[in-house]
Amino acid sequence: MKKLLSLVLASALVLSLTACGGSSTASTTAAATTAAATEAATEAPAETEAAAEAPAESYEPITLNVAYMPNYGSLWAITTAQNLGILEKYGISVNLYEFDNGPNIIAAMESGSIDVGYIGHGAHKLCIQGKAKIFALSHISNGDAVIGGEGITKLEDLKGKTVAYTGGSSSEDILVNALNKAGLTMNDITPMDMDSANIVTAYLSGSVDACAIWSPLSLKILEQDPKATRLCGNVDFSDTSISLASWIAMNDYAEKNYDVLLRFTKALYEAMDYAADGHFEEVAEYVANQTKTDYQSVFDQRGDAEWLTGKQVAEGAADGTVEGYYNIQQQSFLASGAIEKEVPVSDYVMLDLMVEAGK
């Protein structure tokens, strides 16, 4: 297991002891040219031909409105499932809608305009509070960062500085973690809550001294400001925190459409198995086409996470590993004051569905 996963698993064990008391492209076979080959083909058993022609399991066609954020992590699985025909295999077509952050996605889902959506770490607190159900784990993220401008080279230098962040998102969470590590609080800085796109503008214009932001915007800032310093990322807090990305649905939708979510998760799993198997160039092309951004900037985001396979998620949901991930996340929210009370992970994470989707 990769380093970050190993650290997370170690943290899960500690907390569990304390908290309870290539693409599927069809290949073309050249025509047989010898008499022997022709004879063999002619004598193929009828039952073999019938099996090859047997129709796949039929599904009632459905169209889902799907919310995403414009980055590799949000789109790596869904665009792969779309481009490789995996969604179609499960009778699913999708309309993809772009949003700036997870809380805005949940707000759109509450209005009924979105069926399922992707969220980053910060918005998980809303699921813990009962706003939505998590039905699939996407990946373990390392895409958030706190960035300091000229003269800010360590976390302690944030004291007295103006720092931009996006409230309720993973941006706020990594900022709080960073301040805690430096022995600071929000009262020790001048926090500026703004949309992520405005954070980039504010930082590059010099309106703020530092910022907390996610990839690819963090990469953009570091590229355009040679004096910027990446002060920390998610992996720096892997001993006490874990940054998860998940797929969610409203509670009522999840209750009434379990079979739809199961089909969608099966499709995600197949796409994850393919995309996590080193197909970064291909997946980056899918994502770049969807976000209408240049390929290289998308490809550069391939290091933003531990890209889990569907098999890993299904097996982890069965053996308690995935539940441990979400418990670590919840404990970090409790420690930071982002949520007020602990609730069972099974109240808001559909672990049984994750297991069933892997069968």
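**View 1. K311, A318 and D319 are exposed on one side of helix α15.** Exposed means over 50% relative accessible area, buried under 20%, with partly exposed in between (1.4 Å probe, protein chains only). This is a predicted model, where local features need pLDDT of at least 70, side-chain atom pairs count only at pLDDT 80 or more, and totals for chains, interfaces and linings use all residues. Residues are numbered from 1 along each chain as its sequence is written, and side-chain values use heavy atoms, without hydrogens and water. Helices (H or I, at least four residues) and strands (E, at least two) are DSSP runs, numbered from the N terminus.

**View 2. The buried residues of α15 (310–319) are G310, V313, A314, G316 and A317.** They lie on the same side of α15, because their arc around the axis is only 165 degrees; the arc uses directions from the helix axis to the C-beta atoms. Their cover includes β4 (133–141), α12 (258–275), α16 (321–336) and α17 (351–357). Contact means heavy atoms within 4.5 Å. G320 follows α15, with a positive phi near 95 degrees.

**View 3. An open sheet of 5 strands runs in the order β7-β6-β8-β5-β9, with mixed pairing.** β7 (190–193) and β9 (229–233) are the edges; each has a single partner strand, so one side of each lacks a neighbour in the sheet. Strands pair if DSSP finds at least two bridges between them.

**View 4. β5 (144–148) and β8 (210–214) pair in the antiparallel sense over 5 bridges.** G148 has A210 in β8 as its bridge partner.
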